[in-house]
Amino acid sequence: MEAIKTGNLDEELKGIECPEQYRREAEVIREMHNDYFLVRAQIKTLPWSDFKVLDSYLNGSHNLLKLADETDCTYDGVKNRLKRARNRIRQSTASYRFECAILFMVVEAPFDVFCGD
């Protein structure tokens with residue numbers, strides 16, 4: 001697991017047939033792990049009431065009927081609230097990824113690309 005997190009798979013893949021297949025699978029697992037933590041972090045940025053509803057729904061502790069009852073909201077109201085929260089998470093995650101991609105391009109690009117030298 002540590003090799004997957006760090007991306008240093010060389011030692012783990014020594015002597016294995018088709019190491020590239022395992023390397024790609026490990027990369028997919030690492031990306032999924034990073035995506036999970038990114039989405040969890042974005043969920044935590046929601047207003048408390050939206051966070052509580054979305055988190056309870058996602059972790060399976062509450063269904064829509066129970067959430068409607070506990071939040072004194074209609075069933076359709078809870079569905080709409082969840083939909084809005086998911087859309088906010090989607091947008092904020094996409095924005096974060098875009099900003100990271102831009103930052104990565106700036107950091108990785110040669111100095112003269114930005115300075116015109």
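1. The side chains of His62 and Glu70 are joined by a polar contact of 3.0 Å (a pair of N or O atoms within 3.5 Å; within protein, one must be able to donate a hydrogen and the other to accept it, and residues adjacent in sequence count only if both atoms are side-chain atoms). This is a predicted model, in which local features need pLDDT of at least 70 and side-chain atom pairs count only at pLDDT 80 or more, while totals for chains, interfaces and linings use all residues. Residues are numbered from 1 along each chain as its sequence is written, and side-chain values use heavy atoms, with hydrogens and water left out.

2. His62 lies in the loop between helix 3 (48-58) and helix 4, helices being DSSP runs of H or I with at least four residues, numbered from the N terminus. His62 is buried, with a relative accessible area of 15% (buried means under 20%, exposed over 50%, partly exposed in between, with a 1.4 Å probe and protein chains only). Neighbours within four places in sequence aside, His62 is in contact with Ser56, Tyr57, Leu67 and Glu70, where contact means heavy atoms within 4.5 Å.

3. The chain averages a pLDDT of 79, and 77% of the residues score at least 70; pLDDT is the predictor's confidence in each residue, from 0 to 100. Among the elements of the chain, helix 4 (residues 64-70) has the highest mean pLDDT (91) and helix 6 (residues 111-115) the lowest (48). Over residues 111-117 the pLDDT is below 50, and this stretch has 5 contacts in the model beyond near neighbours in sequence. Where pLDDT is low, the predicted coordinates should not be read in detail.

Notes. Helices (H or I, at least four residues) and strands (E, at least two) are DSSP runs, numbered from the N terminus.
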